[in-house]
Structures are given as C-alpha cells and as structure tokens.
Amino acid sequence: MLHLASQSPRRRALLARLGLPFEVVDVVVPEQREPGEGAADYVRRVAREKAGAGLLAVVAVPHAVVLGADTEVVLDDEVFGKPRDDADAAQMLHRLSGRTHQVISSVALVSAGREAQATVVTEVTFDTLDAATIAAYVAGGEPHGKAGAYAIQGGAELFVSRMAGSHSGVVGLPLQQTAALLRGFGLDPRPFAANDGS
C-alpha cells in the first residue's frame, strides 16, 4: 500500500493523477537548513526524513511504501521557504522579479527493504514585476503556504517568462520521476486508465 507523507493538498492532487490508491500519513519534520548544507542537499534530506517518519508511522502495515517530498525555491543559494506574512511574501517576489531562480523538488520512496530518491532542478525566470502587481497578488492570498511566495499553477503563471524543467515539480511533485520510482517498487502508475475520456 502506498502512503503519502504530506499534508500538502497540491501534492495529494498530483499523486492522485498517477492513478494509484494511496493513504495520507501526517508527519512533522523540522524544515531547517543546517549550517553549510547545500540547498539541494537540504531538499533531499527533508524529503528522506519525511519518508522515513512516514514509514515509522505505518510500520505495522504489510508491504507499506511511503513517499516523502520537498520542494523549495532557491535564489543565489538562499532557500526561500514559505513566507511568514504578507510583507515577507512581497519581499520574496521583489527579489525574484526579473531574475532566474531554481525550484528544487526531491522525492524519496521508502519501504522496509529499500529506499530510492530522485531530485529535479527546474529553472524559472520571472518577468519584471511592478510594485502594484506584487501588492495585488499578495492581497489575493495565494502566496500563503507556498515556497517562494507563489503558485505557478495559480495566478503566478502570468509571471513566468521562461521555464526549463518539470512543471509538476515546481507545483510540488515531479510526476515523471515519481512514476519511475514507483515502478521500481513494483507499483504501476496508470494515469490514463482513470481517464474516461469525458
């Protein structure tokens, strides 16, 4: 049985697109970068720790497989987490304006007998954003709870002038890489089987 160690509604929706049944496991993992830890190393570690914590929670379930994931926005090696408040969100967006940043998304899959992980780095370039645009976007509430203070699947898609990598990875779960990991654990994603064509 597949378990998702995440409370993110975006991650749940993305995983559901792969056509596999799964249950959600609530885990609490500190998301704090260690001194000297590279941004990509940090994202990989948090994803592994989420998966590991999830596995401990379902250790009594036979053949349990747990997926943990983490996605962070990185600019000049600084990790932009979720904004503390509106002012923090606006400051993040001002810094991302007119620049190319990285979105690092890592997926870890663990079971009692094995572990595998994939990490995807996507480059995202923002158009130059004026203060009024940033203020209106922040006032709409979308930046809350989003790494880097934006949702590419929402209003912020208008900010993106170029993207190279995984769109679903920027949202929170790189689907191609996740599907490949799941196949390695004997699970067979069938996203098209769930589509009735309507």
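Buried residues make up 47% of the 198 residues in the chain. Here, buried means under 20% relative accessible area, exposed means over 50%, and partly exposed lies in between (1.4 Å probe, protein chains only). The model is predicted: local features need pLDDT of at least 70, side-chain atom pairs count only at pLDDT 80 or more, and totals for chains, interfaces and linings use all residues. Residues are numbered from 1 along each chain as its sequence is written, and side-chain values use heavy atoms, with hydrogens and water left out.

The chain exposes about 9600 Å². Carbon and sulfur atoms supply 51% of that area. Accessible areas come from the Shrake-Rupley method with a 1.4 Å probe; for residues, only the protein chains shown count as cover.

The chain has six helices and seven strands. Helices (H or I, at least four residues) and strands (E, at least two) are DSSP runs, numbered from the N terminus. In that direction the elements run β-α-β-α-β-β-α-β-β-α-β-α-α. The radius of gyration is 17 Å, close to the 16 Å that the globule rule gives for 198 residues, so the chain is as compact as a globular protein of that length. This radius is taken over C-alpha atoms, and the globule rule is 2.2 Å times the number of residues to the power 0.38. Along its principal axes, the C-alpha trace spans about 55 × 50 × 25 Å. Contact means heavy atoms within 4.5 Å. Of the contacts with a separation of 6 or more, 65% are between residues 24 or more positions apart.

Strand 5 pairs with strand 3 in the antiparallel sense over 10 bridges. Two strands pair if DSSP finds at least two bridges between them. Asp70 stands opposite Ser106 of strand 5. A hairpin of three residues links strand 5 to strand 6.

Helix 2 covers residues 39–57, 19 residues in total. From first C-alpha to last, helix 2 reaches 27 Å, close to the 27 Å expected at 1.5 Å a residue. The expected span is 1.5 Å times one less than the number of residues. The buried residues of helix 2 include Tyr42, Val43, Val46, Ala47 and Lys50. An α-helix has 3.6 residues a turn, so residues three or four places apart point the same way.

The largest nonpolar core has 43 residues. A nonpolar core is a set of buried Ala, Val, Leu, Ile, Met, Phe, Trp, Tyr and Cys residues joined through side-chain atoms within 4.5 Å. Leu67 and Tyr150 touch the most other members of this core. Leaving out residues up to four places away in sequence, Leu67 touches Leu2, Leu15, Ala51, Val107, Leu109 and Leu173, among others. A second, separate core of 11 residues includes Ala5, Ala47, Val58 and Val110.

His3 lies in strand 1 (residues 2–4). His3 counts as buried because its relative accessibility is 3%. Beyond its neighbours within four places in sequence, His3 is in contact with residues including Glu23, Val58, Val65 and Leu67.

Other residues are exposed. Phe192 sits in the segment after helix 6 and has a relative accessible area of 72%. Phe192 and Gly19 are 173 residues apart in sequence, yet 7.7 Å apart in space, C-alpha to C-alpha. Gln32 lies in the loop between strand 2 and helix 2. Gln32 counts as exposed, at 60% relative accessibility. Apart from neighbours within four places in sequence, Gln32 is in contact with Glu37, Tyr42 and Arg45.

Most residues other than glycine have a negative phi. His63 is not a glycine, but has a positive phi of about 60°. His63 lies in the loop between helix 2 and strand 3 and is exposed at 72% relative accessibility. Asp76 also has a positive phi, near 55°. Asp76 lies in the loop between strand 3 and strand 4, and its relative accessible area of 57% makes it exposed.
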